[in-house]
Amino acid sequence: MTRKKVKLAFISNDSARKATFKKRKKGLVKKVRELSTLCGIDACAIIFSPYDAQPEIWPSPLGVQRVLSQFKRMPEMEQSKKMVNQDSFIRQRIGKGNEQLKKQRKDNREREMTQVMFQGLTGRSLHGLNILDLNDIGYLIDQHLKDIHKRVDTLNKTAMQAPAAVPRPSSVGESSRQAERGGFEMNVDAMQKQQWFMDLMSPPENMGFAGEDMILPFGDTYHNSLWSNSYFP
């Protein structure tokens with residue numbers, strides 16, 4: 001169960017204010033003791049109240065005097081460097097609140113203009129916008145374009161730095177076997193063509209076509225050349 005946020009304001013009810021004082025005084029003394037013990041620092045607490053005749057002192061009067069003596073020996077500038085009173089505390093809170101408000105307004109403006117920009121991409125008219133709105137949309141478009149170009153450059157650099165793919169051993173072996181088979185088939189084909197050429201140049205004595213004269217394929221019986229094709233001079 002979450003703790004309810006306490007409103008930082010004076011408690012007008014006497015009994016409620018007294019009860020709150022006792023509870024928070026006990027918690028404050030406990031925190032000072034824990035801080036001194038866990039961090040090994042010198043600390044003290046002096047609490048005056050209208051409900052007690054004597055002030056609440058921690059850890060002891062002697063311990064308080066020792067811490068105050070150390071504080072008084074410091075230069076005045078150092079004494080007030082981190083000193084906070086009620087007025088300065090409220091000013092700090094107001095300044096922090098203004099910074100948060102400014103940041104939230106900027107975030108809301110950016111979300112609003114981003115939504116208008118994407119609606120314009122779907123065909124919505126932008127005639128109702130003033131010059132400030134158009135300037136903000138132009139700024140957002142420039143930022144998106146810069147992000148896109150930066151992303152593209154990163155992807156290109158990653159692709160250029162990626163190592164080349166190395167073929168697997170099985171692929172290399174398969175390629176070698178295919179090359180060997182191709183070379184063997186070429187050799188067999190060349191041997192067959194050579195044998196055909198030798199048989200053609202030395203035909204059997206009783207072999208003839210259309211009489212005793214032999215007709216050569218692709219040739220001219222009236223020329224000594226075997227090939228009359230222009231591709232084979």
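Helices (H or I, at least four residues) and strands (E, at least two) are DSSP runs, numbered from the N terminus. By that rule the chain has six helices and two strands, and from the N terminus on its elements run α-β-β-α-α-α-α-α.

The model is predicted: local features need pLDDT of at least 70, side-chain atom pairs count only at pLDDT 80 or more, and totals for chains, interfaces and linings use all residues. Residues are numbered from 1 along each chain as its sequence is written, and side-chain values use heavy atoms, without hydrogens and water.

Of the 233 residues in the chain, 10% are buried (under 20% relative accessible area; exposed is over 50% and partly exposed is in between, with a 1.4 Å probe and protein chains only). Val-84 sits in the loop between helix H3 (76–79) and helix H4 (86–121). Val-84 counts as partly exposed because its relative accessibility is 45%.

A pocket is an open set of points on a 1 Å grid over the protein atoms alone, where a 1.4 Å probe fits, with protein on both sides within 12 Å along at least five of seven lines; lining residues have an atom within 4 Å of a point. The volume is the space filled by probe spheres set on the points, which are joined across faces, edges and corners.

| Largest pocket | Value |
|---|---|
| Volume | about 580 Å³ |
| Lining | 19 residues |
| Given by H1 | seven residues, the most |

Helix H1 (14–39) and strand S1 (45–47) are the elements that give two or more residues to this lining. Arg-17, Thr-20, Phe-21, Arg-24 and Lys-25 lie nearest the pocket's centre.
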